[in-house]
Amino acid sequence: MARFATAYAGPASLDALARRDTPAGRLDPRTKVLATVAFVVVVASFGRLELARLAPLAAYPLALGVLGDVPWRPIAVRLAIASPFALGMAAAEPFLDRTPLPGGLGVSAGELALLTILGKFLLSLGAALLLVATTPFDDVCVALRRVGVPRVLVSQLLLTYRYLFVLGEESRRLLRAHALRSPDRPRPTLRAAGALLGSLLVRALARAERIHVAMRCRGFDGTMPLRRPGAPGRADAVFAAATLALLVVARLGDLPAHLGRLLTGSPG
Amino acid sequence: MHMSDALISPAVGGTLWAATAGLTAVAARRVERSGQDTRAPLMGVLGAFVFAAQMVNFSIPGTGSSGHLGGGLLLAILLGPHAGFLVMTSVLLVQALFFADGGVLALGCNVFNLGFFTSYVAYPLVWRPLAGRAPGRGRLALASIVAGVVGLQLGAFGVVLETTTSGVSSLPFSTFAGLMQSIHLAIGIVEGLVTAAVVLAVQRARPEVLIRERAGGGSLRLVVTGIAIAAVVVGGVLSWFASVRPDGLEWTIARVSGSEALKAPATNVHAAMARLQERTAVLPDYALPASTAKKAERGSPAETSLSGLVGGALVFGVALAIGAGARIRRRAGGA
């Protein structure tokens with residue numbers, strides 16, 4: 001998981017972006033979480049050849065990115081290294097379905113299907129990344145608790161996220177030490193990996209116990225205290241209405257087809 | 001083997017979301033009732049441990065490729081099924097949001113494939129009875145390998161079923177299933193070996209961590225039940241598909257073209273606009289003969305997609321321009 005380093009490196013980390021004061025950052029986290037879920041569902045609802053109908057939906061991540069003043073590079077880097085498994089499956093499409101599309105562009109249905117999957121992939125993952133690039137993770141957790149996610153799971157999410165960085169560093173130190181010990185074979189063997197992971201786990205357990213004691217000393221009773229969000233404001237209403245309008249129009253209407261017909265003169 | 005949002009339909013994603021929500025609620029209640037919630041720090045740190053552990057890429061003997069720990073089985077062994085399931089859920093959610101691994105809609109699928117099968121089938125029905133109370137090295141390795149294989153076979157099969165029923169990918173069911181099951185046989189063995197190695201390391205250094213969860217006695221009947229469930233699910237459904245749907249690809253295509261909503265019929269307004277269009281059209285030669293749509297059933301969505309593509313590119317360009325314009329304005333305003 002080399003992308004761990006990439007995904008967390010430097011001040012461009014998504015959480016750091018999310019903590020700045022931007023119009024998108026000031027929106028209520030619940031609005032953004034629910035909008036993201038609705039958006040992803042609508043994106044997935046299009047058929048395997050409906051690439052064109054996805055186009056208007058790009059407005060949502062673009063708007064969120066602009067409102068949150070999110071630089072495009074960290075998002076693009078994460079999208080580029082994401083999910084080789086899903087993309088590998090999509091790459092088979094052109095070979096499986098060679099039905100040519102009418103129109104003489106030389107594009108087969110499989111190729112269009114591949115592009116559609118790619119489009120959906122960029123839209124839905126882009127929306128998720130932009131959510132966390134405009135909303136600090138504790139606010140995402142507040143929103144999740146508010147929409148009914150069990151308390152235990154929310155605490156779990158907060159703590160996992162908190163220690164991700166710490167243990168990630170620990171893991172990097174272990175790997176560096178291992179690479180120094182065996183320079184001719186820097187990648188651990190299965191046997192060595194067992195030992196490395198074992199000591200990583202033992203260290204993690206020791207750390208968990210120290211944290212537990214420290215938290216109990218400070219009155220921890222199993223409940224992570226969460227910030228109480230204010231009431232959603234006018235900006236939230238506008239954002240929600242605009243998102244809803246976009247999703248409804250994209251789902252029910254077919255703006256690209258109308259425009260395309262207008263331009264090509266096709267009776268379609 | 002994370003499922004992606006791009007490869008599933010809302011129906012499949014929604015169904016598994018609902019199932020996951022129910023399971024999460026049950027698991028959360030069980031964890032709270034057992035007083036385990038004061039162990040939140042342990043659970044949280046173990047969630048982070050799974051991430052850190054996945055950074056350790058080891059070479060897989062004899063293949064030249066590399067792999068990393070999945071973690072579902074290990075979490076269940078260390079924390080028990082309910083807490084293990086919750087930790088795995090949180091890991092998958094963080095992966096979906098921050099690593100673009102999986103997806104928001106696909107979260108339910110991923111929790112099911114990678115969390116449910118390991119926590120609620122492989123661990124209680126295979127690992128615990130096989131390992132027994134105080135397993136030696138060999139027995140622990142055996143239990144972990146068998147449980148790892150069972151968990152990953154079920155998970156891989158989940159991926160196949162979810163993908164096929166979604167109808168987004170046109171991978172033929174039988175080929176896809178054959179590929180996934182055989183690849184994950186190997187991955188399952190590796191997962192079992194690594195899990196066993198880590199558990200052994202913990203047993204040597206911190207035996208008390210494991211004793212807590214090791215209540216179940218060794219009953220062979222449970223193991224047989226667990227493996228039988230896995231075999232029936234995978235084998236049964238596989239053969240059913242093979243006999244009912246002789247050609248997976250044809251079936252998928254039929255499903256796709258059947259479920260595709262027909263394009264909106266031409267309205268009066270539209271007909272009136274058509275004459276205007278003929279004169280204003282930029283690319284009039286791209287008009288498609290309407291008869292092809294009737295000949296090939298799949299033609300109708302494919303045909304509209306050409307003019308759709310042109311329009312789509314345009315809308316995308318406009319959206320992009322608006323975004324760029326807004327950004328420039330923001331910059332100018334901020335400066």
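1. Asp69(A) counts as partly exposed, at 25% relative accessibility. The scale is simple: buried is under 20% relative accessible area, exposed is over 50%, and partly exposed is in between (1.4 Å probe, protein chains only). Asp69(A) sits in the loop between helix H6 (59-67) and helix H7 (72-81) of chain A. Its phi is positive, about 50°, although Asp69(A) is not a glycine. Helices here are DSSP runs (H or I, at least four residues), numbered from the N terminus.

2. This is a predicted model, in which local features need pLDDT of at least 70 and side-chain atom pairs count only at pLDDT 80 or more, while totals for chains, interfaces and linings use all residues. Residues are numbered from 1 along each chain as its sequence is written, chains are lettered from A and ligands numbered from 1 in the order in which they are written, and side-chain values use heavy atoms, with hydrogens and water left out.

3. The model scores ipTM 0.87 and pTM 0.78. Chain B averages a pLDDT (the predictor's confidence in each residue, from 0 to 100) of 74. In chain B, 61% of the residues score at least 70. A contact means heavy atoms within 4.5 Å.

4. Pro94(A) belongs to helix H9 (residues 93-96) of chain A. Pro94(A) is buried, with a relative accessible area of 16%. Beyond its neighbours within four places in sequence, Pro94(A) touches Gly110(A), Glu111(A) and Leu114(A). What separates the C-alpha atoms of Pro94(A) and Thr116(A)? The separation is 12 Å, for residues 22 apart along the chain.

5. Helix H12 (residues 151-181) of chain A packs on helix H2 (residues 40-54) of chain B at about 50°, with axes 6 Å apart. Axes are lines fitted to C-alpha atoms, for helices over the stretch in contact, and angles run from 0 to 180 degrees between N-to-C directions. H12(A) and H2(B) are therefore oblique to each other. Under 35 degrees counts as roughly parallel, over 145 as roughly antiparallel, 65 to 115 as roughly perpendicular, and the rest as oblique. Residues in the contact include Leu159(A) and Tyr163(A) of H12(A), and Gly44(B) and Phe51(B) of H2(B).

Terms used
Helix = DSSP H or I, 4+ residues; strand = E, 2+ residues; numbered from the N terminus.
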